[in-house]
Amino acid sequence: MLHIENLRAEVDGKEILKGLSLDVPAGEVHAIMGPNGAGKSTLSYVLTGRQGYEVTGGTATLDGEDLLALDPNQRAAKGVFLSFQYPLEIPGVPALTFIRTAMNAQRKARGEAEITAPAFLKLAREHAAALKIDFEMLKRALNVGFSGGEKKRMEIFQMAMLAPRFLILDETDSGLDIDALKIVSEGVNAMRAPDRSMLVITHYQRLLDYIKPDKVHVLSAGRIVATGGPDLALELEREGYDKYARAA
Amino acid sequence: MAAVKQTVEHVEALEKYQHGFVTDIAQDFAPKGLNADIVRFISGKKNEPEWMLQWRLDAFERWLVMDEPQWAKVHFPRIDYQDSYYYAAPSEKKGPKSLDEVDPEILAVYAKLGIPLKEQAVLAGVEGAPRYAVDAVFDSVSVVTTFKKELAQVGVIFCSMSEAIREHPELVKQYLGSVVPVSDNYYACLNAAVFSDGSFVYVPPGVRCPMELSTYFRINAENSGQFERTLIIADKGAYVSYLEGCTAPMRDENQLHAAVVELVLLDEAEIKYSTVQNWYPGDPVTGKGGIYNFVTKRADCRGDRSKVSWTQVETGSAITWKYPSCVLRGEGSVGEFYSIAITNGRQQADTGTKMIHLGANTRSRVISKGISAGKSSNTYRGLVSAHPKAKGARNFTQCDSLLIGKTSAAHTVPYIEARNGSCVFEHEATTTKLSEDQLFYAMQRGLSQEEAVQLLVNGFVKDVLQELPMEFAVEAQKLVAISLEGSVG
């Protein structure tokens with residue numbers, strides 16, 4: 001699925017990713033943990049093609065296809081989805097309109113027909129119910145006036161609707177209370193599938209109690225410095241990142 | 001091959017200004033320049049009665065001693081009023097009697113613009129499909145007005161201004177210049193002297209006009225000005241919805257468009273006036289050419305509980321100077337102004353409204369959405385005033401500006417005058433930048449950059465778009481997208 005090799009990237013002329021390598025095979029969930037400033041969010045933006053995040057070396061491929069050469073929307077059409085740490089407000093655009101426009105843009109890029117209105121609404125009702133989202137809320141402008149928890153839930157709703165192949169969750173647990181965390185995690189877990197992979201970026205181990213990773217990587221100073229099983233997350237929780245900060 | 005063809009079509013569709021074609025049509029011009037003889041020439045061409053000629057000559061005398069207004073936030077070289085044609089009309093022996101007699105070239109122009117000039121019957125089985133009566137004004141004259149007979153059956157008069165002067169002089173005499181006085185301002189006064197054509201509407205008491213009325217203005221001739229004059233009278237309890245659209249060819253010279261629109265509303269009358277203005281905006285890089293759109297529009301709510309609603313989508317013109325206003329004279333009368341003004345390239349817009357509360361318990365509402373991109377400048381200028389007698393007057397104003405890119409400018413200049421203690425005026429204003437964060441967010445979900453800009457901008461202008469008649473709203477939405485193409489990136 002995702003294969004990253006010796007990836008280097010800089011922001012405003014400052015190198016943030018310094019030769020990062022990572023493999024996420026199909027069907028697996030990998031967690032990326034690391035201290036603040038390690039490059040976690042940078043990694044998510046580089047993979048999704050955000051302006052200002054300049055790749056200076058290395059490769060990133062999704063099923064063998066070069067991701068880095070594509071525009072952000074082309075990557076989305078290939079199935080790359082980023083659940084934002086801070087989801088944006090889109091005034092005047094109802095959530096449903098936003099998602100349907102996005103879905104049809106992706107379908108068009110893949111040469112597929114647009115989704116019909118009844119099929120779209122049926123899908124929306126199903127996923128909204130699963131995530132305990134009031135359907136009326138989906139008629140409101142996306143994220144405008146939503147609480148932090150509602151915004152995160154809306155990210156997972158969009159993810160469920162768009163059914164991407166490769167999911168990046170950037171600090172999805174931040175700003176969530178325990179009930180919201182459970183609902184969001186259930187939503188994410190429901191998406192686990194043999195042909196789908198996830199990269200879960202988090203600062204805290206807590207989220208990994210709910211979304212069980214197959215592997216845990218420690219990102220420090222722009223590199224993966226350690227890789228292990230779920231136990232590694234628990235160790236980090238106990239002992240902190242100091243050891244790895246030194247290793248880097 | 002299909003893909004290639006599609007690409008070619010797509011690229012053509014991306015053409016910045018889609019109505020920039022010129023049509024080669026035999027035309028009559030008045031000699032270049034402006035003097036009393038030209039005024040007489042125009043009046044004579046239209047077979048106007050003596051009183052109309054005198055009205056024009058009087059306006060011309062006054063115009064000679066007036067000065068151009070300097071207060072707007074727009075800049076342009078001094079206009080040489082002698083270097084323009086004040087009358088251009090397709091050559092015809094006499095005005096065409098029916099559509100069959102109209103020059104096919106002109107019909108082709110309107111077909112190309114997508115304006116229906118045939119009175120299509122309501123589609124079989126489509127109950128309540130909206131129909132539009134159209135008055136098509138080509139340069140200085142009205143070439144055809146549709147559905148006149150059907151409208152006449154309910155007493156609605158819909159014809160060109162020239163025809164109204166000949167056929168309904170009593171109404172014209174009574175109302176022309178009664179809302180916008182001859183010497184109201186420099187451009188309105190010029191218009192009074194040389195106005196060419198425009199639409200005239202009269203809706204009798206208690207009649208709800210059975211269809212949307214629309215006028216489609218097209219400037220075609222080179223170096224010519226367009227000075228149309230529109231007068232709409234809604235008698236007691238009458239209702240009419242009126243739409244106006246405008247386009248022009250791409251030319252290197254600036255062309256002046258100085259129109260006057262007067263609306264008269266008697267007791268409990270209602271007029272909904274919508275404009276989609278898409279005059280040629282000039283070259284986006286050099287700023288060369290484009291229309292100077294200096295327009296005076298005003299509604300006089302003379303009757304109690306009358307209501308007027310202006311909705312405008314302003315995307316074209318090199319310079320827009322325009323303040324559709326409401327004089328709320330009648331007790332409990334209501335004025336509304338909904339505006340989307342988009343500037344891109346080197347365009348300049350100074351637009352807004354005046355809500356003049358004279359009667360008690362009058363209400364007004366202003367929603368303005370300004371979008372500036374490229375190196376353009378976009379100013380909202382609005383006045384809300386209440387006379388001492390306007391007890392209990394209320395106004396709500398919201399003006400939002402959206403900036404795209406780093407070189408565009410937005411300004412908001414509100415004037416508020418409350419001359420009694422019982423009025424409530426609210427003013428809200430915001431200025432936002434279309435953020436790269438929002439764009440990236442939408443693109444990450446699969447939208448291209450252009451699609452993302454469109455979606456965000458449409459969200460921004462939604463409150464105003466929904467005030468437009470359905471089909472116009474769809475057009476306007478497309479126009480908004482076209483106007484902003486290439487504005488990011």
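Which residue stands opposite Val11(A) in strand 4 of chain A? That would be Tyr53(A). A heads-up: this is a predicted model, where local features need pLDDT of at least 70, side-chain atom pairs count only at pLDDT 80 or more, and totals for chains, interfaces and linings use all residues. Residues are numbered from 1 along each chain as its sequence is written, while chains are lettered from A and ligands numbered from 1 in the order in which they are written.

**The sheet in chain A**
- Strand 1 (residues 2–11) and strand 4 (residues 53–62) of chain A run antiparallel, joined by eight bridges.

**Where A touches B**
- On chain A, 21 residues are in contact with 17 residues of chain B (contact means C-beta atoms, placed from the backbone, within 7 Å).
- Helix 2 (72–77) and helix 3 (95–109) of chain A are the elements giving two or more residues to that side of chain A (helices are DSSP H or I runs of at least four residues).
- Helix 3 of chain A brings the largest share, five residues.

- Skipping neighbours within four places in sequence, Leu265(B) is in contact with residues including Ala234(B), Ile271(B), Asp300(B) and Arg302(B).

Methods:
Pairing = 2+ DSSP bridges. Contact = placed C-beta atoms within 7 Å.
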